[in-house]
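Please read this briefing alongside the sequence and the model.

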Amino acid sequence: MREPNAPPQPPDESARSPWKVIAATAAVVLLVVGALAAAWSLGRDSANSNPGANSNPGVGSDPGNDPTTSADPTTSGASTPATAGPVSTTPEPAPAPGVFGFQPLWPFGSVAEAMQWQRAGSQGHQPWRLDAGQTALAFAHDYLGFEEMTKVISTQTSGDQAWIGVGAVPVEGRANAAVLHLARIGAGADRPWEVVGTRDDTLSLTKPRYGSRVSSPLTVGGRITGVDEALHVQVRALGSGRPLGEIRGIPAGGQNQPWSAKVSYRSTRSPVITVVVSTGGHLYDVEAFAITGLRTQPVP
């Protein structure tokens, strides 16, 4: 008797579909490669985020993009952390002898003279020279001879400069007969005050220009606001108890009107002269005045 046939078997997939095996193997390889690449990338990022893991921290970094560091141009990519705190400074040096930005008019003729007075003991010898107000009053009252100038009317200081208004009493609405400009002269902390000019208002003296070199005769001028004024011009120098030259009774007046005059003066060995113009006669002999400093021609 014939045995029945065996049931049919499923075909051998490995034998009939070799390409499926190849595809599966390729997929596994790709997965492995991808995993290795991801691990390598993560490791590199971790190393870059930790400068201590890199033997050359300058490579791959830009210090200019980091506000906490500054690049040093003398190194190859190295960066230095910025530091915060007070900036150290050196003490300001004392003024050098001979350095003075104005024409020295009174009471000293030069920086050297002022320093000599300092060395002689300024506190015990004419200490008023250390006070701007007292120096201004002494200049107007004693040096110029304006005996009515006995009061400091106004005071303004800025560093080593001062503007001192002097007068008797308010005259015709003017609190000051003049505002004298002073500056410290000499060296060190105890520098005395020096008169160097005026801050002009209703009466000005602008010609010749401040600091110009001049000789006799001298043409002077400026502007004035007033009524029936009679101007008095003097030329003075240190070491002389009276004017080197003067002219009186120059008629002037009006609203900001120009005035001018010519004055002769005798020679002096002083390198600087002070020219003074004043007016008054309504209530006081001197109701307004102005000064300027000029340099003299050398005397043989």
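Trp106 is buried, at 11% relative accessible area (buried is under 20%, exposed over 50% and partly exposed in between, with a 1.4 Å probe and protein chains only). The model is predicted: local features need pLDDT of at least 70 and side-chain atom pairs pLDDT 80 or more, while totals for chains, interfaces and linings use all residues. Residues are numbered from 1 along each chain as its sequence is written, and side-chain values use heavy atoms, without hydrogens and water.

**Chain**
- The chain contains 4 helices and 11 strands (DSSP runs numbered from the N terminus: H or I of at least four residues for helices, E of at least two for strands).
- Of its 300 residues, 36% count as buried.
- Among contacts with a separation of 6 or more, 55% are between residues 24 or more positions apart (contact means heavy atoms within 4.5 Å).

**Aromatic residues**
- The structure has 7 aromatic pairs (ring centres of Phe, Tyr or the six-membered ring of Trp within 6.5 Å; planes under 30 degrees apart are stacked, over 60 edge-to-face, the rest tilted).
- Trp106 and Trp128 make a stacked pair, with 5.8 Å between centres and 20 degrees between planes.
- This pair links distant parts of the chain, 22 residues apart: Trp106 is in the loop between strand E2 (79-81) and H3, and Trp128 in the loop between H3 and helix H4 (132-143).
- Trp128 is partly exposed, with a relative accessible area of 26%.
- One aromatic cluster is formed by Trp106, Trp128, Phe139 and Tyr143.
- Arg236 lies over the face of Tyr143, 6.0 Å from the ring centre (CZ of Arg or NZ of Lys within 6 Å of the centre and within 35 degrees of the ring normal).

**Helix H3**
- In H3 (residues 111-119), Val111, Ala114, Met115, Trp117 and Gln118 are buried.
- Viewed down the axis of H3, these buried residues fall within an arc of 155 degrees, so they line one face of the helix (the arc is taken from the directions from the axis to the C-beta atoms).
- Gln116 and Arg119 are exposed on the other side of H3.
- Gly121, which follows H3, has a positive phi near 105 degrees.

**Thr279**
- Thr279 belongs to strand E10 (residues 272-279) and is buried, at 4% relative accessible area.
- The side chains of Thr279 and Glu229 are joined by a polar contact of 2.6 Å (N or O atoms within 3.5 Å, one able to donate a hydrogen and the other to accept it within protein; residues adjacent in sequence count only if both atoms are side-chain atoms).
- Beyond neighbours within four places in sequence, the contacts of Thr279 include Leu203, Ala230, Leu231 and Val286.
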